[in-house]
Amino acid sequence: MAGQGPNETELKIPVAELGDTRRRLRGLGACPRGAPVREHNVLFDAADGRLTAGGQALRLRREEGRWLLPLKGPVSSQGQLKVREELELEVPKGAVLTALLARL
């Protein structure tokens, strides 16, 4: 499955104090783009943990009134960047899919 979907590239930066970081970014001329997005995630794995052991993640995410089912592939690091394949599907009935996946 690797290499068939789009890649997600991520850089995580630890922030000790969010207010100070925001002030510093504004001082550098940065400005927010778009509205903040709140999301709720439920992670799924096989009983033996094979997805996690293989560096994959399957989750159901609710954000802004819609449900998304992303599958993230194993991480391929490029320096400080974390790169991984991410396949994502919007689903119409997230609560039903949550129950279905939980029963699997």
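Strands here are DSSP runs of E with at least two residues, helices are runs of H or I with at least four, and both are numbered from the N terminus. Keep in mind that this is a predicted model, in which local features need pLDDT of at least 70 and side-chain atom pairs count only at pLDDT 80 or more, while totals for chains, interfaces and linings use all residues. Residues are numbered from 1 along each chain as its sequence is written, and side-chain values use heavy atoms, with hydrogens and water left out.

Is Glu-8 buried or exposed? Its relative accessibility is 17%, so Glu-8 counts as buried; the cut-offs are under 20% relative accessible area for buried, over 50% for exposed, and partly exposed in between, using a 1.4 Å probe and protein chains only. Leaving aside neighbours within four places in sequence, Glu-8 is in contact with Lys-72, Lys-82, Val-83, Arg-84 and Glu-86, where contact means heavy atoms within 4.5 Å. The chain also brings Leu-81 into this picture: 73 residues separate Glu-8 and Leu-81 along the chain, and their C-alpha atoms are separated by 9.9 Å.

Lys-72 forms a salt bridge with Glu-8, with the closest N and O atoms 2.9 Å apart; a salt bridge is a side-chain nitrogen of Lys or Arg within 4 Å of a carboxyl oxygen of Asp or Glu. This pair links distant parts of the chain, since Lys-72 sits in strand S4 and Glu-8 in strand S1, 64 residues apart. Both partners, Lys-72 and Glu-8, are buried.

Glu-10 forms a salt bridge with Lys-82, and their closest N and O atoms are 3.1 Å apart. Here Glu-10 in strand S1 is joined to Lys-82 in strand S6 (residues 81–91), 72 residues apart. Glu-10 has a relative accessible area of 21%, so it is partly exposed, and Lys-82, at 25%, is partly exposed as well.

Now follow strand S6 to Glu-88. Arg-61 forms a salt bridge with Glu-88, the closest N and O atoms being 2.7 Å apart. Because Arg-61 lies in strand S3 and Glu-88 in strand S6, the pair ties together parts that are 27 residues apart in sequence. Arg-61 is buried, with a relative accessible area of 7%, whereas Glu-88, at 42%, counts as partly exposed. Through shared partners, salt bridges join Glu-39, Arg-61, Glu-63, Arg-66, Glu-88 and Glu-90 into one network. The count of salt bridges comes to ten.

What about the nonpolar residues? In soluble globular proteins, nonpolar side chains tend to be buried together. The largest nonpolar core in this model has ten residues: Phe-44, Leu-51, Leu-58, Leu-60, Trp-67, Leu-69, Leu-71, Val-91, Leu-97 and Leu-101. Such a core is a set of buried Ala, Val, Leu, Ile, Met, Phe, Trp, Tyr and Cys residues joined through side-chain atoms within 4.5 Å. Strand S3 (57–63), strand S4 (66–72) and helix H3 (94–103) each supply at least two residues of this core, and S4 gives the largest share, three residues.
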